[in-house]
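My entries follow in the order in which I checked things.

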Amino acid sequence: MKAPAFDLALPESLAQAAQLLASPDSRAMGGGQSLGPMLNLRATRPALVVKLTGLPDLIGVEDASDAVTLGAATTHAQIADGLTPDLEGGVLARIASGIAYRAVRNRGTIGGSLCHADPAADWLTTLTALDAVVLTSTRPIALSAFVTGPYRTILAPGEIVRAVRVPRPAPGFAWSYHKLCRKPGEFAHAMVAGLRASSGLRLAIGALGGPPLLLRDAEASIGVAETSLSFLEPAARRIQLEAMSRVLAELAA
Amino acid sequence: MDGGQGVGASVLRKEDDRYLRGRGIYIADIKPAGTRELAFVRTPLAHARIRAIRKPQGFEHAVFVASDLAGVRPIVANSALPGFKPSAQDVLAQDRVRHVGEAVAVCVAATRAEAEDLAELVEVEYEELPAVSDMLAARAQDAPLLHPAWGDNVFLSTHVDIGEASVRDGAPIVVRRTLRTARQHMAPIEGRGLVAEWDSRLDQLVLHTASQMPHIVRSGLAECLGLPEEAVRVIAPDVGGGFGYKGILLPEEVVAGFLARHLGHPVRWIEDRREALTGGANCREHHYELTAYADRDGRLIALDALATVDAGAYSIYPFSACLEAAQVASILPGPYDFAAYRCSTWSAATNKPPILPYRGVARAGVAYAMETMMDAIAREAGLEPHEVRLRNLIPPEAMPFDNITNKHFDSGDYPQCLRRVVEAIDVPAFRARQREATGPVRLGLGMAIFCEQAAHGTSVYSGWGIPMVPGYEQATARLSPDGGLELRVGIQSHGQGLETTLAQVAHSVLGVPIERVRVVHGDTGVTPYSTGTWGSRCMVMAGGAVAQACTELATRIARIGAQLLQVAEDDVVVADGCVRGPSGSVSIREVAHTFYRRPQDLPDNANPGGLEITAGYKAVRDSGTFSYAAHACIVSVDTRSGEIRILDYAICEDGGVLVNPMIVDGQVIGGVAQGIGTALYEEMAFDAAGQPSAATLADYALPGASEVPVLRIDHMETPSPYTRFGQKGIGEGGAIGPPAAIANAVNDALAGLGARVDRLPITAERVVAAVMAAEGVS
C-alpha cells in the first residue's frame with residue numbers, strides 16, 4: 001500500500017497552479033486526507049500532484065454582513081476551533097467538529113472536501129442546504145450545481161477552487177443537521193441538513209451515492225422525499241427519512 | 001498470598017514503560033543492513049486456474065513464482081479425526097487459487113513501493129472458476145468444488161447423539177432459531193510481518209516474525225523448507241496484538257525463509273492493512289439451526305443443533321480447518337445440565353481465507369446460540385431470563401462436574417455469578433423503566449453466562465490429532481551473579497502482561513523483587529520449547545512452569561545458603577529474597593555471588609548444575625481450567641433509525657485466583673470491546689464471486705473508545721483445584737459474552753413490536769428491516 005511514483009509540485013501562484021493542473025495527468029491536493037489514501041491504494045495514479053494549500057489565494061477568510069467566505073485551504077480544525085468567522089449559533093463550527101476524527105480535521109480542508117465530492121461528506125450536504133457558492137479561479141458556482149456525480153465536479157481542467165462563500169441567513173433562521181453513522185467519525189449512511197430562513201426552507205439529503213438531493217419549501221416533505229428516494233433499499237430509505245424527520249422536527253421547534 | 005509484588009498483587013506492568021514511551025521494538029522497527037523488501041502478487045479472483053504467469057522483462061531475477069522455490073513443500077495441517085479431508089496449501093499458488101489475496105508470486109526490491117511497482121507488472125493469466133462464497137451453498141449437492149478430489153466441500157462433519165431421544169417427545173416448550181454470525185477480521189493494531197535472514201556463521205535461518213507461537217512456526221518452517229530444526233531460529237519481538245491472527249504458520253514466512261537463503265540478503269515483508277482486510281478476514285463465521293425442548297418450568301430437556309462453520313479454503317497450521325466446528329459440538333451445552341443432546345457440524349470449505357481461531361474461538365458464536373435459546377425458552381415459559389438460567393445451571397455442589405459432552409468443569413459457583421450481575425443490573429427496577437418506554441425508543445435487557453476452557457493440554461489435543469499437541473510446559477530460571485533472576489519461557493507475550501505476571505509468580509516463590517526479574521520470551525534460540533500463546537494457557541502453564549523452576553532453584557539456593565549460615569539444610573527456608581535460618585539469614589544475592597564468584601565457599605554437596613534450572617509443568621489434570629462469567633447489559637434501541645446504545649454493562653467473572661487483578665480487568669475490557677465489535681459492527685461480507693467488501697478500515701467498522709461503555713466488573717475467586725496457585729486462564733472470556741448479551745438485549749427491546757434480529761452484527765439496517773417485517777412492510 002505504497003503510492004506509485006509521482007511528481008509533487010508546490011506552486012507559488014494561482015496562475016502557476018492552474019497551468020500545472022491543466023494537464024489531465026495531474027491532481028490537486030488540499031490536506032491530502034482523501035487523496036493520500038487513494039494514492040497509497042493506487043486507486044488514482046496521477047503523474048503530478050499539485051499541492052495547493054500554500055497558495056495565498058486559498059488562505060484567509062472574509063467576514064461580511066451578508067456572507068462568510070472561507071479560503072479553500074481553511075482546515076476543518078480551524079473552523080471547528082472557532083478561528084474563522086461563523087454563522088450565528090456556530091453552525092459551521094458544529095459541522096466541522098463532527099467531521100471524521102481530529103487528526104483528519106487538522107489537515108483536511110473545506111475546499112479539498114468539496115472538490116473530492118464524496119457523496120457522504122459533511123460539507124457537501126450541509127453547504128448545499130446553506131446555499132453556499134464555490135468561488136473558483138474563474139467563476140462563482142452555486143454548490144447545488146457544483147457536483148455532477150460521485151467524486152465528480154463541474155470544474156474545468158486547471159480551474160481551482162479558491163474559496164467558499166456561505167451566505168448569512170437573515171436573523172432568526174433555524175438550522176438542523178443529523179447524520180446517522182455506525183459510530184462517530186465514520187462516513188454517514190444517512191444525512192440530512194436543513195435551513196429554515198426568511199428566504200424559505202432548504203433541505204439537503206446526502207449519502208445517496210451522488211450529489212445531495214436538494215428539496216425546497218413545499219418539496220421538503222416526507223412524502224416527496226419518500227418518492228425521490230424510492231431507489232434505496234426499504235430499510236435504508238426509512239433510516240434516511242428518520243434523519244429527515246428529526247431535522248424537520250428541529251426546524252419546526 | 002503476597003500483598004506486595006507476588007501472586008494477587010495489582011502491580012503496574014513492567015513492559016508498559018517501553019510501550020508507553022513508544023520504545024517497543026516491533027517487526028517494522030527491525031531492518032538489518034542490506035534488507036530488501038517483498039511485495040506479493042495476490043490474486044484478485046476468488047477461484048481460478050492459473051494458466052500462466054509472466055515476469056516483467058528485465059526483472060526475472062527479482063520475481064519468484066512457485067516453480068522457483070526449489071524443494072519447498074506446501075503447508076499441510078491434517079487432523080486425525082475420522083473423515084477429515086486434507087488440503088495442501090502451496091506457499092505460492094501453482095495451478096489454482098482459492099481465495100482473494102492468495103499469493104501467486106513475490107517481488108523483491110529495495111523499497112516496498114518499488115516492490116509493489118514490480119508486482120503490478122507481473123502478468124497472471126487466470127481462467128476464472130465459479131466461486132463458493134457461502135458456507136451453506138458450499139454444502140449443496142451441485143456446488144463447485146474447491147478441492148475436486150474430495151467430491152464435496154466439507155473438511156469434516158461430526159455427529160453426536162447423547163441421551164434419550166424419547167425425552168424430547170411431547171416437551172411442552174419447543175423453540176427453534178436459525179442464527180448466523182459474520183465473518184470477521186481480527187484487526188490487531190500491528191499486522192503480520194517478518195524479517196528473514198540467513199546467518200552464514202551459524203548456518204541458520206533467523207526469522208523475526210510477529211507470531212504468538214515461535215516454536216510452532218519453527219517446526220512448521222523447518223518441515224516446509226526441508227531444514228533441520230536447529231537450522232532455524234524464530235524470534236517474535238514486540239508483537240502488537242495477536243488474538244489468534246498470529247497463531248499460524250504463514251505462507252509468507254516460508255517464502256521469505258527460502259528467499260533469505262537463496263538470495264543471500266535479508267528480506268522483509270510488512271503486511272499492510274489492505275492485505276490484512278482483503279486476505280485476512282478469517283474468523284467467527286457460524287450458522288446454526290437450533291431446537292430446544294424444555295418443560296413448562298423452563299428446564300431444558302434436550303438440544304438439537306445443526307451447525308456449519310465457514311472454514312475457508314485451506315486447513316491452517318497448526319490448528320487445522322476443523323478445530324472450530326468440532327469445538328462447537330463439544331461446547332454448545334455451555335454451563336447447563338440437561339439430559340439429551342444431538343449436534344451435527346460441518347466445516348465447509350469456501351473460496352475465502354482459511355479460518356483461524358479468534359479470541360474465544362468458537363465460544364463467541366456458541367454462547368450467542370445457546371443464550372439465544374435460553375431467552376427463547378424464558379419467553380415461552382413466561383419467566384425472567386435469569387430465572388430460566390438459574391434452573392438449568394450446573395449447581396456448585398456438583399463440582400467438579402462432567403457435563404453431557406464430558407467436559408470436566410473444575411470448580412465454580414455459576415448460579416452465584418449470575419445472581420451477582422442480576423443484582424448489579426437491578427432487573428426489577430429495569431423492568432419498571434422498560435414498561436414505561438413504549439415510544440419509538442425501546443429498552444432491552446440481555447444476559448449471557450458462559451464458561452471458558454483454558455490451558456487444555458495433552459489429553460484434549462491428542463484427540464484432535466492436529467500438528468500441535470501441548471505437553472509439558474517448561475521454563476528456565478537462572479540467577480545472575482548479582483542476584484537477579486532471568487526467566488526464559490517459550491510462550492510469547494503480546495499484550496497479556498506476562499513479563500509482569502510471570503515475574504510475580506517468581507516473586508511469590510523466591511521473593512526476588514520483580515524489578516530484578518527479567519522475562520525472556522518469544523525466541524526459539526534461548527527458550528524451552530512451547531506451543532506458545534493461545535487458549536488462555538500462559539498463566540496456568542508458563543506460570544506453573546516458572547513456579548516449578550523457581551521451586552527447584554530454591555532447593556539449590558537453600559543448600560548453599562545453609563552452608564553460609566553454618567546450619568543444616570533442613571533448618572532453612574527460602575523466602576523474601578533470602579535464605580532464613582534459625583538465627584540469621586543470607587540473601588539470595590549473596591548465595592549467587594558465592595556460586596559464581598567465590599566457589600571456594602560452596603558446600604561440597606552443592607549441585608554442580610548451579611543456579612540455573614529448566615523445569616517442566618503440567619496441571620494436576622490437563623482437561624483445562626474453567627473460568628466463567630455472567631454478562632448483563634441494558635440497551636436502548638431506536639426502532640426508527642436502528643440506533644443501538646449500550647446504557648449499562650455489568651460483568652461478574654470468576655477466573656480462579658487472579659495473579660494480577662488489574663491485568664485481568666484489562667483483559668476483560670479489551671475482550672468486551674472486541675465482543676461489541678462482533679455484536680454490532682464487524683462484518684466482512686463476500687459477494688457471490690467471493691470478493692470481500694472492505695479494503696480499508698473506512699469500510700470495515702471496528703468499535704473505538706466511544707463505542708465501549710464503562711464496564712462494571714465484579715470478581716469471584718474460586719480456585720482451580722488443579723493448578724499451581726488455583727489460577728485459571730482468563731484471556732478470552734471478555735470477547736465471548738457480548739454478542740450473546742447484546743443480541744438478547746436488542747431482541748428484548750424489540751419483543752414488544754414482535755420483531756427480532758437473528759444474525760450478527762446487529763446493524764441499524766437490520767434492526768429497521770426487522771421492525772418493518774414485523775409491521776408487515778416490505
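I started with polar contacts and counted 16 residue pairs between chain B and chain A, both residues of a pair at pLDDT 80 or more. I took a polar contact as a pair of N or O atoms within 3.5 Å; within protein, one must be able to donate a hydrogen and the other to accept it, and residues adjacent in sequence count only if both atoms are side-chain atoms.

I then looked at which elements of chain B touch chain A: α2 (112-121), α6 (273-279) and α18 (764-775) each supply at least two residues to that side. Of these, α18(B) gives the most, with seven residues. Helices (H or I, at least four residues) and strands (E, at least two) are DSSP runs, numbered from the N terminus.

I noted the make-up of this side of chain B as 13 nonpolar, five polar and 14 charged residues. Here Ala, Val, Leu, Ile, Met, Phe, Trp, Tyr, Cys and Pro count as nonpolar, Asp, Glu, Lys and Arg as charged, and the others, Gly among them, as polar.

The model is predicted: local features need pLDDT of at least 70 and side-chain atom pairs pLDDT 80 or more, while totals for chains, interfaces and linings use all residues. Residues are numbered from 1 along each chain as its sequence is written, chains are lettered from A and ligands numbered from 1 in the order written, and side-chain values use heavy atoms, without hydrogens and water.

Next came salt bridges (a side-chain nitrogen of Lys or Arg within 4 Å of a carboxyl oxygen of Asp or Glu). I found eight between chain B and chain A. R42(A) and E120(B) form a salt bridge through their side chains, at 3.1 Å from N to O.

I checked the backbone of chain B for cis peptides. Y317(B) and P318(B) are joined by one, with omega about 10°; P318(B) sits in the loop between β16 (300-312) and α7 (323-331). M399(B) and P400(B) are joined by another cis peptide bond, with omega about -10°.

C652(B) is in no disulfide either, with the nearest cysteine sulfur, that of C417(B), 3.9 Å away.

Technical notes: Disulfide = S-S within 2.5 Å.
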